[in-house]
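Dear colleague,

Please find below the structure that I am handing over to you. My findings follow it.

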Amino acid sequence: MPENPVLIIGGGIAGLSLASRLARETGVVLLEAENELGYHTSSRSARQLIPSYGPPVVQDLTVRTLALIRELEAGLPEPILRPRSFMLVGREEDVRDRASGHMHPITIAEATGLAPELAAGSFEAAGLDTTSVSCNTDILMDWHRARILAGGGRILTGRRVDAVSGGEGEWLVSAGGDTFSAAVVVNAAGAWADSVAGLFGVRPRGLQPYRRTAAIVEAGNPPAADGPMVAGALDNFYYRPDLEGVLISPSEAVPSPPEDARHRPEDVADLVGLVNSLTRLELGRVVRAWTGLRTQAADGVPVVGFDDAVPGFFWLAGQGGYGFQTSSGIAELAAAQLLGQRPFLDVSEALSPMRTGL
């Protein structure tokens with residue numbers, strides 16, 4: 001018999017959320033290649049959960065995730081979620097094309113009332129999502145980690161998978177000098193998901209990592225601490241207040257190999273110039289900057305479910321920029337699939353690794 005019923009590869013928010021969900025139900029071991037959890041994309045999040053952001057199935061998972069996080073934070077000394085609206089600005093047709101059921105149009109006067117730093121004439125339409133929230137991702141990840149350990153699960157860092165054998169109900173996985181046996185392997189390897197699949201003889205799903213840069217910048221005229229997150233309808237920038245200044249991003253989506261991505265100073269400098277041209281924030285010194293990788297399938301929807309050709313291999317990948325905001329909803333769905341239960345929100349078909357186009 002395999003030593004572990006479920007072996008999860010990847011210690012970002014996706015793998016942690018699932019392990020947290022499973023630990024009290026079945027044996028779980030989580031392997032992370034780096035020496036710390038959430039080292040790559042999960043530690044480089046904008047920390048904003050936006051129900052109006054993403055395809056319809058992502059929005060449904062976001063709403064479910066928010067409900068689940070609100071349940072768990074009821075027993076914590078401080079909240080994980082705090083209100084912070086999300087505002088979209090730009091040309092009228094661009095805002096209209098990007099708006100969704102969770103966003104409603106607002107007037108120019110209403111927009112500048114909420115974000116008075118916006119320069120006059122820099123946009124002609126705006127939309128507002130008042131269901132959007134900021135997320136303390138550190139508290140959330142710590143809660144998942146504690147729940148895994150309390151449930152008897154194991155978390156091992158510095159364990160990069162380098163060899164695989166077996167299958168048909170008992171995988172043998174070598175990582176960091178140790179070998180683990182498992183009945184089911186979950187691929188939550190983020191930007192490395194297709195590479196990990198290859199080790200198991202599984203067909204890749206065309207999961208492409210994309211660069212996304214962000215920076216904290218000092219501002220001569222900072223936005224209100226409770227001001228909204230503001231984004232361009234053309235996906236060319238966003239900013240929001242931060243304790244150290246203003247968090248900004250060019251919202252770029254540049255293809256990248258799976259790697260420990262680093263920011264390019266010229267990208268940040270160009271972004272500072274763009275935001276200063278559209279606002280009165282008076283952005284200046286860069287406090288720090290970083291780049292993460294958002295990995296997604298061709299249709300922009302996560303890939304979740306058992307592989308159709310290789311028994312015992314489960315996909316949990318392609319969350320794109322929706323990792324935290326769909327994490328609890330996807331973990332609930334994936335745990336139900338792994339345990340043979342009926343999910344609360346059954347979007348299995350939409351997320352299936354066998355769907356058309358992958």
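Which residues does L351 touch, not counting residues up to four places away in sequence? In this predicted model, L351 touches V57, L61, V301, P302, V303, V304, I330 and L333. L351 also belongs to the largest nonpolar core, which has 58 residues; I8, L18, V186 and L316 are, with L351, those with the most contacts inside that core. Another core, of 26 residues, lies apart from it and includes I9, L156, V310 and F313.

I then examined the packing of two helices. The axes of helix 2 (residues 56-73) and helix 8 (residues 323-339) come within 7 Å and cross at roughly 85 degrees. Helix 2 is therefore roughly perpendicular to helix 8, as angles of 65 to 115 degrees count as such. On the side of helix 2, the contact is made by V58, L61, T62, R64, T65, L68 and I69; helix 8 contributes F324, Q325, T326, S327, S328, G329, I330 and E332. By class, this contact has 6 nonpolar, 7 polar and 2 charged residues.

Within helix 8, S328 is buried, because its relative accessible area of 7% falls under the 20% cut-off. Leaving aside neighbours within four places in sequence, S328 is in contact with T65, L68, I69 and H144.

Helix 2 has buried residues that include V57, Q59, L66, L72 and E73. Its 18 residues should span 26 Å at 1.5 Å a residue, and the end C-alpha atoms are 26 Å apart, so the two values agree.

Yours sincerely

Terms used: Residues numbered from 1 in each chain as written. Predicted model: local features only at pLDDT ≥ 70, side-chain atom pairs only at ≥ 80, totals over all residues. Heavy atoms only, no water. Axes fitted to C-alpha atoms, helices over the stretch in contact; angles between N-to-C directions. Helix = DSSP H or I, 4+ residues; strand = E, 2+ residues; numbered from the N terminus. Parallel < 35°, antiparallel > 145°, perpendicular 65-115°, else oblique. Contact = heavy atoms within 4.5 Å. Nonpolar A, V, L, I, M, F, W, Y, C, P; charged D, E, K, R; others polar. Core = buried A, V, L, I, M, F, W, Y, C linked by side-chain atoms within 4.5 Å. Buried < 20%, exposed > 50% of the residue type's maximum accessible area, 1.4 Å probe, protein only. Expected span 1.5 Å × (residues − 1).
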